[in-house]
Each structure stands twice: as C-alpha cells, then as structure tokens.
Amino acid sequence: MQKLFSSLAVTALASSLALAFSAHAAAPAANGLPQVQEAPLRAHLAFLSNDLLEGRGTGQRGADLTVAYLETQAQMAGLKPVRGNSFRQSVQIAGVKSLPAESSLQALADGKAVPLAFGPDWVWATGDSVAAHTFDAPLVFVGYGITAPEEGWNDFKGTDVKGKIVVMMVNDPQPTALDPNRFAGKALTYYGRWTYKFEEAKRQGAAGALLIHTKPSASYDWSVVQNSWSGSERFQLADRTAGTPLQGWIAEDAARRLFAAGGQDLDALRAQAESKDFKAVALNAKLSGEMKSTVRKVEQFNIAGMVPGTDPALKEEAVIYSGHWDHLGKQGDKGDTIYNGAVDNASGTAGLLAMAQEAVKRPAKRTQIFLWVAAEEQGLLGSAAYAADPLWPLNKTAAALNLDSLNFVGATRDIGAQGSERTELGAIAATVAKAMGMHIAAARPDLAGGYFRSDHFSFAKAGVPAFSINGGREYIKDVEASKAKAAAYGPRYHQVTDEYDASWDLSGMTQQAQFTLNLGQAVANGARMPAWKAGDAFGKAREQAAK
C-alpha cells in the first residue's frame, strides 16, 4: 500500500510540475529549432535529486518512484511509446553479494595454501548470477588478456584456457619508442578496460578471471576496488551476457606472493607481456573450494518515448537521446544515507525531460527517441539491455547522443564532444556549435578511458555512432570562480554531498541540453545517417549488420 501511495504521490506531483511550467514554453525561435527552457529543467532537477527519491538506487524504493515520475512526464510531454503501449522496457538484473565467511575458496601454489584475505588481498564474486560454484581450476597468467587482430596481438595464442582461471593485467600494452602509437599510445583503449578483460575471459571459455590491481594501471586505489566488491551488493544483467563463474581482483602485493609461491616472478612476467610475442604462462597454482554468494533477481526499467518523424521514408530511422536516471541510492544507517546524485545524473535526466517537452512541438524528418536508462552506475546495464533488445533497429539508428553529469556552473564558449571524432558526428557537432556561437572543446588524451564509461558506449559497441556531450571549460562569467566551483565538485562525486543547490546558475546546463537537441535535430534532418570513420573498431559492427 505504501508503494502504491508513493507512486500516486509522484504522479500527482509530476502533473502539477507540468502544469506549473507549461506557461514557460516558448514558441520556436527564429531559427526554427525548439528552444530548451531553463524553468522546467530546474524543476525536474530539484525533484529528481530530492530526498523523496532516496538517491534513485538500483533495486530500491527510490528507483520505483523515479520510474513512475519519468513515465508520467514522458506521457505529459507528448511523447509516444516506442514499443506497444508502454513507456517501460524491462531490465532483468541480478543483485549479487559475496559471502566470504561461508565460502571455502582458497589459492594453492605448489600444493600449499597461499593465505589471501578477502578484502585486503583479493575480492571476487559470481559473474553468472549463480549462488554457488565449486572450483579446482588451474591459474594461467595471460598478460593483458587481449585479443586485438588489428594490432596483431593475441595473449591467448597457443593456449587453451577453458575451465581455468585467467590472471591478467589491467590497461593496454604500453607504447614504445619503436611503436609509440600502439593501442592508441597514451590513451586508454577499450582493450584496457576491466570490463573488456572479463568479457574476453568469457569468450575464451575461462572458468574465472582475476585482475591484478595497480594504481597506475587502474587509475584508482585498491580501496576503491575493495569497497565496491566487498561492502555492498553488486548488480549484473540476469538474463543476458552472463560472465564467467568467478570474477575478481587481486592486489599487487598479494599477486606477487601468489606467483612467487608457484615459482614465478610477477615483474618478470609483466615485462614479457609487453611484447606481442608473449605466450600465456601456467602458474603452478590453482583455486580450490566453494564460492558462495547471495543472488536476488531485480526488475528495473528503461523509460523510452518518441517523437515520430515527419518524412515518409526517413521516419523509419531514429536519433536517440539518452541519460541514466539511477544513482547510488540509500547506503548505511548513520548520518546522511542518501546519495542524491544531483549532478550525476539527475541533471542529464532532467535535461532530457526539458528537451522532450520542446522537441514534440517541432518534429524532425527522422524519429527522435528519448531514453532514460537504468543501472548505469552498476556497469551500463540499462543501456546494455537496450542494445541487446533494441526498441528500434540498431541498423536504422542514426546516432545515440548521451547526457551524463551536466554543467551546473555557468555558460561556456565551448562544448565537450570527446569521441565524436570517431564518426561523422564530429563535423556535424562542430557546425552546430558554431551556429550557437561556441566551438568544440580541445581534445585531451583519454587516459582513463572515459569514452567507455558512459551509456553511449553500449550503442557504440553495437555499431551506432555515439558519444556523450560534456560541458565546456571556457566559462563566460567569473572565470576563475567558475573554474574553482567546477573543481570543487570532484570531492562530491559519488558522495552524499552531490546535492541540488537552488543558487546554481543553470545557463550552462540549458546550453548543454540545447546543443544536444540541436545536434540531434541536425542528424534527424540530414540527408543520410552519419558513418564511422574508416578503420574505427566500433564501426565494424555496423558494417557487419549491413551485410
């Protein structure tokens, strides 16, 4: 009864918000483009980050309230369901929590136990949503665990790892004086992401995968891994893309002890793994015993609504605007327990709502889809579920434009379009920015692999030209104070202090949403769908689909 009452309360408030801000809807500007209004964007932002929604946590009550709000707002804005009569797309998720105290899993080297404490030395969990697994599996060091034909690189060559536990390094093979551009030089490629490592282990038939942590390779401390894997429930898709039975990390010092106990030198093997001639090495060690976890099934929802296209032929193609509605929810039982996620990503969620409100007033030739995805904070799960079961054919999806953590500081002269250069979207984005009196922000080396960490990447992997639109850095007002305000957000990221402030200047946020809508309209009215640049690895998926 409480859940029903809460949903009705959210619906009623959604209705009042829509009515309250309908008066702010302006007529299309002289340029004929829909104009995003700040007032509704601010109202949605304030509500979505309010304590009432309890941080919009996956599998929590706040998630149900958020979904009720979004589907009501989508309908009131005038969007149409994309599939059937519902704005909801079910996302089946498994919530997993390791039970080290009830598990007997241990590492053995040269027949002797190697003491490894869960948390300080290693962490692990089931990767296939099965609560109990028993192992007696050899360990094999596979270097970076990469298979990259275009780089002439295969760390698994000549080795069968089926049923074994692969141990691998994070990040990419490092550039050399003779080959400074291998694996994109200093920038991180997807081959370097920990998500790729687990995916490749699955493709190779491994029973499990352990990643060796170092701060330089992972870009964060072991405490980040430890807290993420040992302190709370983790989520994974329950009905698709199941991983290996075991997934986990091992601290560098613990890995060094384990390797040494089996007669191997970790540093020497890592040095060998920097060459494409490297071959996997058996470690004279194994994992043995039972691993137990609690597993619960959770249904979450993506919310999708569309503005049908006007052209008889082009309306069969679509542009997607996306943003994730989830954050970290409620955690702990002392003090402030709500991770409101105002910037990340109530801002993007609100931006899409404000954009949709105006887009319905001036449809484009192609269909426009507004997509609010679930469980991004758990590993892009909602967008991955969409890509696996798309509401619109992916080969007829012209672009996916994502909003994640919008500019709450103030208007800028530039706009972030990192990743757009991979496709023809880059040139279109530059034209749109110029028309708005802006320019594309100067590119920076993607050292932390940012392109692979937002929801657009689920579309890119499936062959759809996609990137996230980021805020600019060239502030127009109070430049130094604005830079300091932007920098001060760092300590608030993923903390309970990411809360809405009514004093925020949302001109930059409105500008960012407007640029995204203008870019989407340009694509939606273009003569043809944007293409990937020749040779881009993600463009191959679209090429395969076209055959």
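I began with N340 and listed its contacts (heavy atoms within 4.5 Å): leaving aside neighbours within four places in sequence, N340 touches S49, N50, D51, G55, R56, H327, V496, D498 and E499. I note that this is a predicted model, in which local features need pLDDT of at least 70 and side-chain atom pairs count only at pLDDT 80 or more, while totals for chains, interfaces and linings use all residues. Residues are numbered from 1 along each chain as its sequence is written, and side-chain values use heavy atoms, with hydrogens and water left out.

Among those partners I looked at D51, whose side chain is joined to that of N340 by a polar contact of 2.7 Å; such a contact is a pair of N or O atoms within 3.5 Å, of which, within protein, one must be able to donate a hydrogen and the other to accept it, and residues adjacent in sequence count only if both atoms are side-chain atoms.

I then placed N340 in the loop between strand 16 (338–339) and helix 9 (342–359), where helices are DSSP runs of H or I with at least four residues and strands are runs of E with at least two, numbered from the N terminus.

Is N340 buried or exposed? I found 2% relative accessibility, so N340 counts as buried (under 20% relative accessible area, with a 1.4 Å probe and protein chains only).

Conventions
Buried means under 20% relative accessible area, exposed over 50%, partly exposed in between (1.4 Å probe, protein chains only).
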